[in-house]
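Here is a short briefing to read alongside the sequence and the coordinates. Keep the viewer open and go through it topic by topic.

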Amino acid sequence: MDSNKPTEGFPNSEITLNSASRRSNSSSHSKASRGNSVREVTFGDLGSKPVRYGSRGADSEGFSASQKEISDEDARLVYLNDPEKTNERFEFSGNSVRTGKYSIISFVPRNLFEQFHRVAYIYFLIIAVLNQLPQLAVFGRGVSIMPLAFVLLVTAVKDAYEDWRRHRSDRIENNRLAWVLVNDQFEQKKWKDIRAGEIIKIHANETLPCDMVLLSTSDSTGVAYVQTINLDGESNLKTRYAKQETLAKTPEKEKISGLIKCEKPNRNIYGFHANMDVDGKRLSLGPSNIILRGCELKNTTWSIGVAVYCGRETKVMLNSSGAPSKRSRLETRMNREIIILSFFLIALCTIVSICAAVWLRRNRDKLNTMPFYRKKNFNDEDKDDYKYYGWGLEIFFTFLMSVIVFQIMIPISLYISMELVRVGQAYFMIRDTIMYDEASNSTFQCRALNINEDLGQIKYVFSDKTGTLTENKMEFQCASIWGVDYSGGKASSEDKQIEHSVQVDGKTLRPKMKVRVDPELLQLSRSGKDTEKTKRVHDFFLALAACNTIVPIVFDDASDPTVKLMDYQGESPDEQALAYAAAAYGFMLVERTSGHIVIDIKGERQRFDVLGLHEFDSDRKRMSVILGCPDKTVKVFVKGADTTMFSVIDRSLNMNVIRATEAHLHDYSSLGLRTLVIGMRELSDSEFEQWHSSFETASSALIGRAAMLRKVASTVEKSLSILGASAIEDKLQQGVPEAIESLRTAGIKVWVLTGDKQETAISIGYSSKLLTIKMTQIIINSNSKESCRRSLGDALLMSKKLITVSGTTPDTAGNSGGAVSPVALIIDGTSLVYILDSELEEQLFELASKCSVVLCCRVAPLQKAGIVALVKNRTSDLTLSIGDGANDVSMIQMADVGVGISGKEGRQAVMASDFAMGQFRFLVPLLLVHGHWNYQRMGYMILYNFYRNALFVLVLFWHFVQVCALYLFHFDDSYQ
């Protein structure tokens, strides 16, 4: 948020306590915002620490490994095209993966071990063993063991089938084929046989079998486009690059040799640090030079790379957790109750034994001839004792026989009844038409029958964002250009959508998506007048079309052979929406290479040389592109978050425009729209030469490359002239705000864990009503452990003060409608690297428990599981995780209940989940209706069984007290 908004217009509080390294930059900014009611507290600094647990953005790579040379002890040495030498010193992991839970040898002992976590099964086993002894055979020996054996067998068959499906999936995965360089030619080889050091060739639309460093691609500039949907859940294309020194090499024609010294395998999917020695040169490698296993090659004919991490050492496998064995909380509670009942049973049997001892002592003279007892055997001449083992053993056997007869106190029939009830509950949930999704034609799926009742006891919901809360569809809504608000298109109807088209080779080329346009702005963009206003509109849409990493793809329109469609693929859906908006207003990006772009401006194609590109990072929170324009000028276009853009805009120029833009940004943000500020300036020849020299030096640096590039970017991203601001709407799934509000009203806390940027997550938080303008935001962005410790301490003090002042608690803040000040915690994945699995976890949990809302941004898949475990291990409350992509699998499996969304991101989340459904809003009927009834009905049934069987046992006990013949009498099984 901008720092100069009027106080009365913005009641939200966003608290940012900057670290010492940033205070100098923020102090002057804060002086200009004394009237601002927006308190922004951000915790962070520029420390360093190796990646240990999870996510770290590519931009943060400069703060960790890239600031120091990789030592031989901490490095992996990979020799290009020489797997034998690569694996000579250390036998690295093969490329075979295994997600199965059991093996043939371990199945029986491990499965029985897991099943006997039910204390009742141990009890039934003891009863069955006792009943096999001749002295204690109250029931038939075979009959006593059959129920337990049947239940164990059925459960084992079910577990074996599920694990067989996992092994079948592993076999299919391991036996897939890839092209591997063998004897100077590429041959097909099974994935499981690939080793580190081998050179692999991937063709378009193929999945990568391992983590590999790019050597060359079909593109002359060395660019490869990949889809990382299995890693971070995002379907947008990412760009990866091969080094120019290896780009021209052809493995089939010339021998490729070299050495890659890279970091050891780790879970950080956003970072990679390595050096490559080839042809006597040492090259620096980063995250943009590696493609990870599970990615798909798109819009690139082929790419060649060398395998560096294989099998279980790949980043995607290190971020995968094994399938857990989930048991319902009710069963866990039953285990405790069964132990209590066991002590009660022992007490009854002890009383019976004492009574039997007294009876035997009083009637010891009558035992020889007493009917139904007969101590002596008079059939033989010797008159030996007849099944009489002495007074002590008789008492002991009486105790054991009492245990057998009283066994119905804990009936095995209860567990069979529970399974039948769960089947019925699953039927009701599956047949519920409210949870049917027409868009995907998917019904509710109940994939785990043993935790139905836990749905009614959920306290925490952990949700992914992309594809779970949102449809991942960005739509351009409105813009502010040179202080003028063009938001007429925001209210226009669907039929007011306009699409721009151009003629190419006798065919019509138009964008794939339509965009709502403002009539006045459209007229200005098409106007040929040379005015100040039209010039600013021209520069604004030129910035939208050029300042991105969009890849334009042309394909035929199936409905009209005379039409070709332009599809924009990029790393961010925001960029796609802005590119489509620029095209709708007559600025259509039609071609991109690493050296230039071609933009069709009002029917005229113009070529712009891309002289440099500074990509977005979480520290600068902006990106910039330096273009060589057709008029021989050099311009830098910058776009980014308003919090950082206004600090680099020249406020001495056009102050009225800046104030108007700030007011428009406030209006857009109040509507839950995602905003970006656009600026530009023209570079002189000397400025460009100075930047170019510094940029070349920083780009080729081996140590601290990312930090150096940030410093270079700051030399041109300054003294900008503001062009305007854009507003984009991230389409939420239907009913998401209402669902979140219902869950919070029911006392359920909703946390959002996403791999998206912090600004994106906050924007969605507002539009989904997870965040409100009354909330105080505590933001933690740290890059060292010490910084995290200070940030957490400061945040705890701040949260306590806020809660004390408002007089609310985290539980009441979400439900109250009064003028309260609830707290929202926003933390990034880089900070979590140092917090999770350390002593700082306790502080984070304490802070999070005081907050009404928690947003975790830029988190890796395993960090999502770590956040769930943070709550799960420190509270008795039940947790639920919901997601739609492969990056959500670990989180889904870690939670007490896992829910998969049948969305566009594949079936991995559904396959790993306990329940699957089509929309996030279905959580409301699932938890508040079915969960409530499942828990209540199961609880009543369990209580009924316990009280009923207790009645039977007490009747048997009273019978013994009266007739002293306990071990000869029991209820018929049909009455149990």
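Predicted model: local features only at pLDDT ≥ 70, side-chain atom pairs only at ≥ 80, totals over all residues.

The protein chain has 976 residues, of which 56% count as buried. Its secondary structure comes to 28 helices and 39 strands. Take the contacts between residues at least 6 apart in sequence: 73% of them join residues at least 24 apart.

**Helix H9 against helix H10**

- Helix H9 covers residues 329-362 and helix H10 covers residues 391-405.
- Their axes come within 9 Å and cross at roughly 145°.
- The crossing of H9 past H10 is right-handed.
- On the H9 side, the contact is made by Ile 346, Cys 349, Thr 350, Val 352, Ser 353, Ala 356, Ala 357, Leu 360 and Arg 361.
- On the H10 side, Trp 391, Glu 394, Ile 395, Thr 398, Phe 399, Ser 402 and Val 403 take part.
- Sorted by class, this contact has 10 nonpolar, four polar and two charged residues.
- Glu 394 of H10 is one of the contact residues.
- Glu 394 counts as buried because its relative accessibility is 11%, under the 20% cut-off.

- Helix H13 spans residues 532-546 and has 15 residues.
- From first C-alpha to last, H13 reaches 21 Å, close to the 21 Å expected at 1.5 Å a residue.
- In H13, 11 of the 15 residues are buried, so the helix is largely enclosed by the rest of the structure.
- Among the buried residues of H13 are Arg 536 and Asp 539, along with Phe 540, Phe 541 and Leu 542.
- Helix H25 spans residues 861-872 and has 12 residues.
- H25 reaches 17 Å between its first and last C-alpha, close to the expected 16 Å.
- H25 is mostly covered, with 11 of its 12 residues buried.
- The buried residues of H25 include Pro 861, Gln 863, Lys 864 and Gly 866.

**Buried residues and their partners**

- Tyr 415 is found in helix H11, residues 413-430.
- Tyr 415 counts as buried because its relative accessibility is 4%, under the 20% cut-off.
- Leaving out residues up to four places away in sequence, Tyr 415 touches Arg 118, Ala 120, Tyr 121, Phe 124, Met 334 and Ile 338.
- Tyr 415 and Val 151 are 264 residues apart in sequence, but 8.6 Å apart in space, C-alpha to C-alpha.
- Leu 802 sits in helix H21, residues 785-806.
- Leu 802 is buried, with a relative accessible area of 10%.
- The C-alpha atoms of Leu 802 and Val 823 are separated by 7.6 Å, and the two residues are 21 apart along the chain.
- Arg 516 belongs to strand E23, residues 515-516.
- Arg 516 is buried, with a relative accessible area of 17%.
- The side chain of Arg 516 makes a polar contact with the side chain of Glu 475, at 3.3 Å.

**A strand residue and its contacts**

- Ile 553 lies in strand E24, residues 551-557.
- Ile 553 and Met 566 are 13 residues apart in sequence and 5.7 Å apart in space, C-alpha to C-alpha.
- Beyond residues up to four places away in sequence, Ile 553 touches Leu 237, Asn 299, Leu 565, Met 566, Asp 567 and Gln 569.

**Positive phi in loops**

- Most residues other than glycine have a negative phi.
- Asn 183 is not a glycine, yet has a positive phi of about 55°.
- Asn 183 is found in the loop between strand E4 (177-182) and strand E5 (185-190).
- Asn 183 counts as exposed because its relative accessibility is 70%, over the 50% cut-off.
- Lys 769 also has a positive phi, near 65°.
- Lys 769 is placed in the loop between helix H20 (758-767) and strand E34 (776-780).
- At 44% relative accessibility, Lys 769 counts as partly exposed.

Notes
Residues numbered from 1 in each chain as written. Heavy atoms only, no water. Axes fitted to C-alpha atoms, helices over the stretch in contact; angles between N-to-C directions. Helix = DSSP H or I, 4+ residues; strand = E, 2+ residues; numbered from the N terminus. Left-handed = near helix turned anticlockwise from the far one by under 90°. Contact = heavy atoms within 4.5 Å. Nonpolar A, V, L, I, M, F, W, Y, C, P; charged D, E, K, R; others polar. Expected span 1.5 Å × (residues − 1). Buried < 20%, exposed > 50% of the residue type's maximum accessible area, 1.4 Å probe, protein only. Polar contact = N/O pair within 3.5 Å; in protein donor to acceptor, adjacent residues only side chain to side chain.
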